[in-house]
Amino acid sequence: MHKRRCSLYKSLQAGRALAAIFVLLFHLGGAIAAGKYFGFTAFEIPFSFGSAGVEFFFVLSGFIILTAHRCDIFSPDKLASYIKKRLIRIYPTYWIIFLGVYFLAISSNTLRNSVPHDLFILLKSLLLIPQDKNVVGGCGAPVIIVAWTLQYEMFFYCFFIFMILSRWLSVIAGFVVLYIYINYSGNLSPSYLLAFVSKDYILLFAMGMGISAICASKKAVIDNPMFYLSTGVVLFLFIALDTVLQLQLLCGQITILYGVASSMIIFGLVQLEDAGHVIGGNRWLQLLGDSSYALYLIHYPLISALCKLSLFRKLDTIGIIGALITFVFIFFACLISSAVFHLMLEKPFHAYIRNHPLKTKYIGQQ
């Protein structure tokens, strides 16, 4: 059995923090480069690889869910507890930020039309049900744009339900997903739901589960975990360089390759920490890891709002200096806001759920 089945690795928390920061830098650089704000494309290029934080999150999610719920597999009596933990982990924080952004938008004459008003679309958004991009626009997740990744997260959680219920149900569900992926991946799908399932992102969760299974195996004897960590980092940097330099040598394979690199990094970090070597155990980095979910959800609307504030303060009139001031200010504003949100709202709520006598014991982190 895995050495830390029900605890979270500090090294992985540090990795989670860096992945969230990569996504923050990706969107922040793109905002500063946008013509409607400052128009300096130099801010976009260095962080154009930052979306790879999503791939890391997906692999990490596969690892953590199997590690935390290994004993729940093929145990239907554990289903209610599993569902409760997963729902509490995802929805409360998401709903608070979603509703906050939504009501701020509809209260503004200039932003009112940027959010949907159809009740059915809003309900599906709140429940993180995949939606047709041709109907709702963007990535298929209105209001909180980055929530499209949470749709994949919920899809994976639902798939894991079959693993808890029955061996045969999990096999059948796995074959269905594999069939859709093989037959519709890279092709024009007649259904947006089929297109959703056939993306490479589905494989990233499987990679994470594979790493968890290897780490839990008594037959897996790893002599040099640093080799796997360093190889994963080098591969990650190589893929990032291809993106930053716009070489397009890896076009079409980047998601899978980032998944492989992330898998090696996670495997190396876990093996090192099991051997007593913690990487990234600094308390500030751990705090960022704890607040990474809040950072992931809050950073995009906060970037938009603070960029508009910078224009209102006429920072765009002082050129690249104004852009640099805005960039640094927004970067730290996002980090601080997410940490405050985590400490003041998210953490106390999880503590309440964990300690409430009528509630099931709750594992605080994903």
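## Contacts and overall form

Of the contacts in the protein with a separation of 6 or more, 76% are made by residues 24 or more positions apart, where contact means heavy atoms within 4.5 Å. This is a predicted model, in which local features need pLDDT of at least 70 and side-chain atom pairs count only at pLDDT 80 or more, while totals for chains, interfaces and linings use all residues. Residues are numbered from 1 along each chain as its sequence is written, and side-chain values use heavy atoms, with hydrogens and water left out.

The protein has 14 helices and 0 strands, these elements being DSSP runs numbered from the N terminus (helices are H or I with at least four residues, strands are E with at least two). The radius of gyration of the protein is 21 Å, close to the 21 Å that the globule rule gives for 366 residues, so the protein is as compact as a globular protein of that length; the radius is taken over C-alpha atoms, and the rule is 2.2 Å times the number of residues to the power 0.38. Along the principal axes, the C-alpha trace spans about 65 × 50 × 45 Å.

## Surface and burial

The accessible surface of the protein comes to about 18,000 Å², and 68% of this belongs to carbon and sulfur atoms; accessible areas come from the Shrake-Rupley method with a 1.4 Å probe, and for residues only the protein chains shown count as cover. Buried residues make up 49% of the 366 residues, with buried meaning under 20% relative accessible area, exposed over 50%, and partly exposed in between (1.4 Å probe, protein chains only).

A nonpolar patch on the surface is formed by Ile-96, Leu-324, Val-328, Phe-332, Ile-336, Val-340, Leu-343, Met-344 and Leu-345, which together have about 840 Å² of accessible area. Patches are made of residues with over 30% relative accessible area and no salt bridge, like charges being joined within 9 Å and nonpolar side chains (Val, Leu, Ile, Met, Phe, Trp, Tyr) within 5 Å. Helix H14, residues 319–355, gives the most to the nonpolar patch, with 8 residues. Leu-343 is found in helix H14 and, at 41% relative accessibility, counts as partly exposed.

## Salt bridges

The structure holds 2 salt bridges, each defined by a side-chain nitrogen of Lys or Arg within 4 Å of a carboxyl oxygen of Asp or Glu. In one of them, Lys-78 pairs with Asp-72, and the closest N and O atoms are 3.8 Å apart. Lys-78 is partly exposed at a relative accessible area of 30%, whereas Asp-72 is buried at 10%.

The side chains of Arg-89 and Glu-346 also meet in a salt bridge, with an N to O distance of 4.0 Å. Arg-89 lies in helix H3 (residues 79–106) and Glu-346 in helix H14, so the pair ties together parts that are 257 residues apart in sequence. Arg-89 is buried, with a relative accessible area of 3%, and Glu-346 counts as buried at 3% relative accessibility.

## Cysteines

The structure holds 0 disulfides, a disulfide being a pair of cysteine sulfur atoms within 2.5 Å. Cys-158 is partly exposed, with a relative accessible area of 40%, while Cys-215 is buried, with a relative accessible area of 13%.

## Backbone angles in two loops

Leu-128 has a positive phi of about 60° although this residue is not a glycine. Leu-128 is found in the loop between helix H4 (119–126) and helix H5 (133–136), and counts as buried at 3% relative accessibility.

Gln-248, likewise a residue other than glycine, has a positive phi near 60°. The loop between helix H10 (225–244) and helix H11 (254–274) holds Gln-248, which counts as exposed at 61% relative accessibility.

## Two residues and their surroundings

Phe-159 has its place in helix H6, residues 148–165, and counts as buried at 18% relative accessibility. Leaving aside neighbours within four places in sequence, Phe-159 is in contact with Ser-170, Ala-173, Gly-174 and Val-177. The C-alpha atoms of Phe-159 and Gly-174 are separated by 8.1 Å, with the two residues 15 apart along the chain.

Lys-347 has its place in helix H14 and, at 48% relative accessibility, counts as partly exposed. From Lys-347 to Pro-116 the C-alpha to C-alpha distance is 30 Å, and the two are 231 residues apart in sequence.
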